[in-house]
Every structure is written in C-alpha cells, then in structure tokens.
Amino acid sequence: LPGKTPGSGTRHVEPAWHSSLAKEVPKVCELMQLLIQQAIEGCRRNGIHSGLCGQAPSDYPEMAEYLVRLGIDSISLNPDTILATTRQVLEIEKSITGERLS
C-alpha cells in the first residue's frame with residue numbers, strides 16, 4: 001500500500017507489476033494453504049514436530065486459526081500479538097476438544 005511503512009520513516013512504493021499480480025494472490029494463497037496443510041499432515045503422520053515461522057499468524061487471526069485446526073504444533077508470533085493470539089489459540093483448542101467429545 002502506498003504511504004509510510006510503519007516505523008521505517010521511508011515511503012513504500014508498489015512495484016509496477018503489483019496490480020497485475022494482485023489478481024493472482026487468491027490463487028497463490030490457496031496453493032500455499034494446501035502446501036502448508038500437506039506439510040502439517042505429513043509431519044503428524046510421521047511423528048514429526050510441525051511449526052511455522054512467519055508474519056501471517058501474527059497479522060491474520062484466521063491464519064492462526066487455520067493452522068491450529070490443522071493440528072500444527074507451534075507457531076511463532078510477533079511480540080505485540082503474543083497475548084491476543086495465544087488467547088485465540090486456547091479458545092480454538094478448547095472448541096476443538098469440545099467438538100471431539102461430542
């Protein structure tokens with residue numbers, strides 16, 4: 001997005017290809033979610049710890065929920081989102097446990 005990047009003091013300018021790429025983003029997101037799902041399921045199937053480092057779970061609560069519902073073992077978060085996201089994860093885990101008991 002045009003404007004100042006928070007905390008950087010510099011101006012952010014979109015590259016010329018940005019508008020043509022924007023229509024591809026939903027497809028890329030779907031593919032990334034599928035790859036993440038396959039990786040988490042593969043880890044679970046083989047008894048391997050799965051974790052995700054990245055900005056998405058911190059910035060998008062729906063991504064954190066998606067990962068928890070897939071059964072990810074750990075998620076790294078930005079310091080400013082730890083409390084809110086941890087509370088969200090606990091609520092999701094509680095609802096999953098309730099769904100399994102029903």
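## Surface and burial

The chain exposes about 7,600 Å², and carbon and sulfur atoms supply 60% of that area; the areas come from the Shrake-Rupley method with a 1.4 Å probe, and for residues only the protein chains shown count as cover. Of its 102 residues, 21% count as buried. Here buried means under 20% relative accessible area, exposed means over 50%, and partly exposed is in between (1.4 Å probe, protein chains only).

A quick word on provenance: this is a predicted model, where local features need pLDDT of at least 70, side-chain atom pairs count only at pLDDT 80 or more, and totals for chains, interfaces and linings use all residues. Residues are numbered from 1 along each chain as its sequence is written, and side-chain values use heavy atoms, with hydrogens and water left out.

## Fold layout

There are 5 helices and 4 strands in the chain. Read from the N terminus on, the elements go β-β-α-α-β-α-α-β-α. These are DSSP runs numbered from the N terminus: helices are H or I with at least four residues, strands are E with at least two.

As for how the chain folds back on itself, take the contacts with a separation of 6 or more: residues 24 or more positions apart account for 39% of them. A contact means heavy atoms within 4.5 Å.

## The nonpolar core

The largest nonpolar core has 6 residues, namely I36, I40, M63, L67, L70 and I72. Such a core is a set of buried Ala, Val, Leu, Ile, Met, Phe, Trp, Tyr and Cys residues joined through side-chain atoms within 4.5 Å. Both α2 and α4 supply at least two residues each to this core, with α4 giving the most, at 3 residues.

L67 is a handy one to click on. Setting aside neighbours within four places in sequence, L67 is in contact with I36, I40, L52, P57, I72 and I75. Q37, in helix α2, is 30 residues from L67 in sequence and 8.1 Å from it in space, C-alpha to C-alpha. Q37 counts as partly exposed because its relative accessible area is 26%. Beyond residues up to four places away in sequence, Q37 touches Y66 and L70.

The largest pocket holds about 350 Å³ of space. Of the 13 residues that line this pocket, C29, Q33, A56, Y60 and M63 are the closest to its centre. The elements that give two or more residues to the lining are α2 (25-45) and α4 (61-70), and α2 gives the most, with 6 residues. By type, the lining divides into 11 nonpolar, 1 polar and 1 charged; Ala, Val, Leu, Ile, Met, Phe, Trp, Tyr, Cys and Pro count as nonpolar, Asp, Glu, Lys and Arg as charged, and the others, Gly among them, as polar.

The second largest pocket has about 190 Å³ of space, and Q55, D59 and Y60 line it. For the method: on a 1 Å grid over the protein atoms alone, with a 1.4 Å probe, a pocket is an open set of points with protein on both sides within 12 Å along at least five of seven lines, and lining residues have an atom within 4 Å of a point. Grid points are joined across faces, edges and corners, and a volume is the space filled by probe spheres set on the points.

## Two loop residues and a helix partner

S50 is in the loop between α2 and β3 (51-52). S50 counts as buried because its relative accessible area is 5%. Not counting residues up to four places away in sequence, S50 touches I40, C43, G71, I72, D73 and S74. S50 and I72 are 22 residues apart in sequence, yet 5.6 Å apart in space, C-alpha to C-alpha.

T81 is also in a loop, the one between β4 (74-75) and α5 (82-101). With a relative accessible area of 12%, T81 is buried. Its contacts, leaving aside neighbours within four places in sequence, are S58 and T86. T86 is in helix α5 and is partly exposed, with a relative accessible area of 35%. T86 and A64 are 22 residues apart in sequence and 9.6 Å apart in space, C-alpha to C-alpha.
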